[in-house]
Amino acid sequence: MKSNIGITQENLSKVAHSLNILLADETVLYIKTRNAHWNVEDPNFHALHLFLEEQYGLLAQLIDDIAERIRSIGHYAEATLKAYLELTHLSEKKSKKNDGAGFLKELLEDHEAIIKELRANISVYEEDWNDVGSSDFITGILQTHEKIAWMLRSHL
């Protein structure tokens, strides 16, 4: 059954596609954060291990929230690694070393890339696609990434 929430089906489709791209970005970042959590080698290993665990926990919640937002507007959330790799703005580059600073810098770059993408889309959701709810939703996600980026910068 199609959603009847005051937004055209065409616009809901655009919002869902954009949110699926965000879902892909978040999932790739989640995996990269898990990789850092599992494989970091650093004199501050224990603190970084716990810090990264907190980070991927936040990302897991964002992933679930985004998928549920997509469903709440009447569309399906992408749920395959193949689709995520086709949609994501991020890369899966592998660090040459497993040092804390290297992992943190790479994760920071990814969070900042997502922040820029979200910031560019806030007004598009509201003004072009008439979806104030999704505009507000991604504003909250933006704020979460800004806080994570601050924490990553503070470690560096």
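This is a predicted model: local features need pLDDT of at least 70, side-chain atom pairs count only at pLDDT 80 or more; totals for chains, interfaces and linings use all residues.

Visitor: Why do residues three or four places apart in an α-helix point the same way?

Guide: An α-helix has 3.6 residues a turn, so residues at that spacing point the same way. In α2, Leu48, Leu52, Gln55, Leu59, Leu62 and Ile66 are among the buried residues.

Visitor: What covers the buried residues of α2?

Guide: The cover includes α1 (9-39), α4 (100-128) and α5 (132-155).

Visitor: How do I check the length of a helix, and what span should α2 have?

Guide: Count 1.5 Å a residue and compare the result with the distance between the end C-alpha atoms. Helix α2 (residues 45-72) has 28 residues and should span 40 Å; its ends are 40 Å apart, which agrees. For α4, with 29 residues, the expected value is 42 Å, and the distance from first C-alpha to last is 41 Å.

Visitor: Where does α4 bend?

Guide: At Asn121, by about 30 degrees.

Visitor: Which residues touch the most other members of the largest nonpolar core?

Guide: That core has 46 residues, and those touching the most other members are Leu19, Leu22, Leu23, Ile66, Leu118, Ile138 and Leu152. Two or more residues each come from α1, α2, α3 (81-87), α4 and α5. The largest share, 12 residues, comes from α1.

Visitor: What is Leu23 in contact with, leaving aside its neighbours within four places in sequence?

Guide: Leu23 contacts Ile63, Ile66, Ala67, Ile70, Ala77, Glu78 and Tyr84.

Visitor: How many helices and strands does the whole chain have?

Guide: It has 5 helices and 0 strands. The radius of gyration is 16 Å, close to the 15 Å that the globule rule gives for 156 residues, so the chain is as compact as a globular protein of that length. Its C-alpha atoms fill a box of roughly 55 × 30 × 20 Å along the principal axes.

Visitor: What share of the residues counts as buried?

Guide: Of the 156 residues, 46%. Among contacts between residues at least 6 apart in sequence, 78% join residues at least 24 apart.

Note on methods. Residues are numbered from 1 along each chain as its sequence is written. Side-chain values use heavy atoms; hydrogens and water are left out. Helices (H or I, at least four residues) and strands (E, at least two) are DSSP runs, numbered from the N terminus. The expected span of a helix is 1.5 Å times one less than its number of residues. Buried means under 20% relative accessible area, exposed over 50%, partly exposed in between (1.4 Å probe, protein chains only). Contact means heavy atoms within 4.5 Å. A nonpolar core is a set of buried Ala, Val, Leu, Ile, Met, Phe, Trp, Tyr and Cys residues joined through side-chain atoms within 4.5 Å. The bend at a residue is the angle between axes fitted to the seven residues ending there and the seven starting there. The radius of gyration is taken over C-alpha atoms; the globule rule is 2.2 Å times the number of residues to the power 0.38.
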